Amino acid sequence: MAPSRPGNRRTRIHVVSDVHGNARDLARAGDAADALICLGDLVLFLDYADHSRGIFPDLFGVENADRIVELRTARRFEEARQFGASLWAGIGGDRAAAIEKAVRKQYAEMFAAFPTPTYATYGNVDMPPLWAEYAGPGTTVLDGERVEIGGRVFGFVGGGLRTPMRTPYEISDEEYAAKIEAVGEVDVLCTHIPPEVPELVYDTVARRFERGSRALLAAIRRTRPRYALFGHVHQPLVRRMRLGATECVNVGHFAGTGKPWALEW
């Protein structure tokens with residue numbers, strides 16, 4: 001728990017999401033803040049803005065990265081899966097082991113960049129079983145759990161819902177709803193994915209609706225937290241929206257901006 005600040009000093013929290021390999025800026029993300037909150041997606045499998053970056057182009061080259069981005073952007077997911085499978089068959093070996101080795105390399109760098117204290121939850125492209133190996137004493141990992149920071153209660157729910165993309169940490173709607181229920185009433189509700197609101201889930205560059213959570217939307221309306229903070233949608237149609245008493249904020253695509261979102265009270 002971050003210590004309460006004495007006297008009339010204010011508490012300042014910095015929030016990031018969708019780090020996707022940006023360790024350089026992550027190392028400075030907690031500067032001048034009492035704590036850092038990370039809402040997941042530390043791993044970079046493929047940078048849709050720069051196809052030379054990420055695990056996929058490292059293994060298969062930029063031309064193949066160009067092709068799979070083209071297929072996914074056109075929502076030709078089955079063709080993309082078949083194309084990916086052909087690439088893996090071409091290099092042989094253990095696919096899972098190759099991915100885990102690359103993810104471990106990125107996690108070692110990302111977790112080393114976290115300041116103390118950091119409170120983090122998983123994104124849909126993360127691999128939760130590995131986090132315990134890399135999270136140091138100054139990093140608290142929370143999923144379906146609560147913590148008090150500076151006198152306010154923060155709830156955390158990680159992961160994403162199932163999609164044709166089949167990213168590593170996608171779970172069922174029922175499992176996700178159970179984690180939302182376990183968090184209960186909080187001052188600030190922190191999730192990786194947004195509530196299911198069209199303006200918050202539509203990506204203007206990818207030109208598609210990402211998956212948001214109806215259970216999260218219902219919880220916001222029912223429990224009325226001060227803030228609902230999330231990421232996942234990199235270029236949302238709307239970054240900030242009030243739902244009743246709750247300010248819903250997409251804290252930004254940190255990999256692209258390098259700047260945390262600040263909450264102060």
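In these legends a residue is called buried under 20% relative accessible area, exposed over 50% and partly exposed in between, with a 1.4 Å probe and protein chains only. The structure is a predicted model, in which local features need pLDDT of at least 70 and side-chain atom pairs count only at pLDDT 80 or more, whereas totals for chains, interfaces and linings use all residues. Residues are numbered from 1 along each chain as its sequence is written, and side-chain values use heavy atoms, with hydrogens and water left out.

**View 1**
A salt bridge is taken as a side-chain nitrogen of Lys or Arg within 4 Å of a carboxyl oxygen of Asp or Glu, and the structure holds 17 of them. Helices (H or I, at least four residues) and strands (E, at least two) are DSSP runs numbered from the N terminus.

Arg104 is partly exposed, with a relative accessible area of 23%. Glu181 counts as exposed, at 54% relative accessibility. Elsewhere, salt bridges that share partners join Arg10, Arg12 and Glu264 into one network.

**View 1. The second largest pocket is lined by 14 residues.**
On a 1 Å grid over the protein atoms alone, a pocket is an open set of points where a 1.4 Å probe fits, with protein on both sides within 12 Å along at least five of seven lines, and its lining residues have an atom within 4 Å of a point. The space in this pocket is about 330 Å³. Ile55, Asp58, Ala102, Lys105 and Gln106 lie nearest its centre. Helix H2 (55–60) and H5 each supply at least two lining residues, and H5 gives the most, with seven.

**View 2. Five strands form an open sheet of mixed pairing in the order S4-S3-S2-S1-S15.**
Two strands pair if DSSP finds at least two bridges between them. Strand S4 (139–141) and strand S15 (261–264) stand at the edges with a single partner strand each, so one side of each is left without a neighbour in the sheet. Strand S3 (residues 118–120) pairs with S4 in the parallel sense over three bridges, and Ala120 stands opposite Val141 in S4.

**View 3. Strands S5 and S6 form a hairpin with two residues between them.**
Strand S5 (residues 145–149) and strand S6 (residues 152–157) run antiparallel and are joined by five bridges. Ile149 has Arg152 in S6 as its bridge partner, and Gly150 in the turn has a positive phi of about 60°.

Note on methods
Points joined across faces, edges and corners; volume = space filled by probe spheres on them.
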